[in-house]
Amino acid sequence: MSQLLGIDAGNTMIKAVLFDLSGRVLSVAECAGETHQPQEGYAERPVEDIWHGVSEAVSRCLQQAGSAASEVIAVGAAGHGNGLYALDKQQQPLFGIQSIDHRAMDTVQQLEASGADKAIYQISLQKPWPAATPVLIRWIKQHQPKRWAQIGHLLCAKDVIAHFLSGVVSADVSDAAGAGLIDYRQRNYSRELMALYGIEEALALLPSLRESCAVVGHVTTRAAQLTGLPPGIPVVAGIFDVVASAIGSGVVKTGEASIVAGTWSINQVVVDKPDYQRPVFMNSIIENDRFMAIEASATSAANLDWFLREFDDGRAGNGAARSSDTVAHVEPNVQLPLYHPYLYSGRKSEPAKAGFYGLGGWHTRADMLFALFEGVTFAHRAHIDRLRAAGIPVDHAILSGGAARSCIWPQMFADVLGMPIRVAECKETGALGAALCAGVGVGVWPDLAAAAQQAVHINLGELQPRPERFAFHDARYRVFKRLELAMSEMWREVG
């Protein structure tokens, strides 16, 4: 029985998932990562930690499967977009910066003050923000010249995995596009774009671009020893994890929408061409003829992970499922507190901070969890509103990510967004999207649409918005936004 291995490297966890060709999960293993914060605003993860996480997760995944590893016919990886990972000139690890880092706030402000941000958007269809890959490249060049001189290769997270498995340094168009490194007119790197960022030298450090499903190499003998994979298995270039999650949710055709509620609030729609009435936050590429319009920020279910870690005896994992019963027993009322989900800052370069508002001595932990669930969903609504304002229709969506594992959060999404929501059956949509890329790469399917049709399954039933709940949340959302505006000056003062 042929099997596909998908690896998904988020900011907090590396997962290895083995699938059969019908999309059925055969085994799952994960390895938690640790974010290093040497200074305020920094979020780093050494390249070696990714290597270790992949070795651990893949090895345990294969052991748990109970089938012969020789049945694995291809490997694909997805990884968090943006951030920055670097190898030296001998392809050895140098450093890794995650996409929740915001050390480069001043760099973004420099680009905005000079007007370069507008020219950058015209070329790359991306707005500079603190953890954007080219922004971090400029920051390293300006602030750490010794480190800059050591760099041999600049990678995204999933490129580290492809290199670890195959020994080949590569990149794919979806990740590079989402990182703001591509000139959309050429579908390639651009000296003009790099010059606007002030990093022309970086062109020589970026890997050659491949399509997401292209085979770039094969599992090396060393990687085989560390993971348990047989040597010689094809490894594809891999894919930006938000696009992978959309594919793993069955969102591959023009007009389809995907909401991913994980570390980041991801809200994305497949479009024929990125021709909008106003700019959107980010764009990516899906196969050769479609684009992904993305509105996103680090404002989603990671807030719940933090809350449970700090106020639930340090327990982690399955947070949405564990908290749902508690939230389900809260009776909606106008006196419930509100929550701004800005633990990791807000959109772009906005210096937003998280906070509960309207707390009283009568409020309970359950009330605070309700406010957190709702506040995260409000952040998704803000992004959906921006997509609609850009002229992109969004009238239904498929939900995946941590929130999709809750028995009540998907219904709250339907109520807050005022539109039908369906939930992906597979909980590991990022890994599934990566595995489907691997399958296309070795000829199992001709393209991703065919792969999704066979291997992606959506839960029966569509969650409809309840009019009375929509009215309740809508009124609170307007207060949520007014509070955001009122707090903006204070946020700037407190840094």
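Which residue in β7 does Tyr85 stand opposite? The views below answer this and show other parts of the model.

This is a predicted model, in which local features need pLDDT of at least 70, side-chain atom pairs count only at pLDDT 80 or more, and totals for chains, interfaces and linings use all residues. Residues are numbered from 1 along each chain as its sequence is written, and side-chain values use heavy atoms, with hydrogens and water left out.

**View 1. Three strands, β6-β5-β7, form an open antiparallel sheet.** Strands are DSSP runs of E with at least two residues, helices are runs of H or I with at least four, and both are numbered from the N terminus. Two strands pair if DSSP finds at least two bridges between them. β6 and β7 (151-155) stand at the edges, each with a single partner strand, so one side of each has no neighbour in the sheet. The twist averages 20° from one strand to the next. Four bridges join β5 to β7, which run antiparallel. Tyr85 stands opposite Leu155 in β7.

**View 2. β5 and β6 form a hairpin.** Strand β5 (residues 84-88) pairs with β6 in the antiparallel sense, over four bridges. Four residues lie between the two strands. Gln91, in the turn, has a positive phi of about 65°. Tyr85 stands opposite Gly96 in β6. Four of the five residues of β6 (residues 93-97) are buried, so this strand is largely enclosed by the rest of the structure. Buried means under 20% relative accessible area, exposed over 50%, and partly exposed in between (1.4 Å probe, protein chains only).

**View 3. Helix α2 (residues 105-114) packs with helix α4 (residues 133-143).** The angle is about 105°, and the axes are 9 Å apart. That makes α2 roughly perpendicular to α4. Axes are lines fitted to C-alpha atoms, for helices over the stretch in contact, and angles run from 0 to 180 degrees between N-to-C directions. Angles under 35 degrees count as roughly parallel, over 145 as roughly antiparallel, 65 to 115 as roughly perpendicular and the rest as oblique. Thr107, Val108, Gln110 and Leu111 of α2 meet Val135, Arg138, Trp139 and Gln142 of α4. Contact means heavy atoms within 4.5 Å. α4 also lies across β5, β6 and β7, running at about 50° to β5.

**View 4. Asn267 sits in strand β14 (residues 265-271).** Asn267 is buried, with a relative accessible area of 0%. Its side chain makes a polar contact with the side chain of His380, at 2.9 Å. A polar contact is a pair of N or O atoms within 3.5 Å; within protein, one must be able to donate a hydrogen and the other to accept it, and residues adjacent in sequence count only if both atoms are side-chain atoms. Not counting residues up to four places away in sequence, Asn267 touches several residues, among them Ser258, Glu295, His383 and Leu387.

**View 5. Ser249 lies in the loop between α10 (241-248) and β13 (257-261).** Ser249 counts as buried, at 0% relative accessibility. A polar atom of its side chain lies 2.7 Å from the backbone oxygen of Ser245. Ser249 and Ala424 are 175 residues apart along the chain, yet their C-alpha atoms are separated by 5.3 Å. Beyond four places in sequence, Ser249 touches Ile398, Ser400, Ala424, Thr429, Val456 and Ile458.
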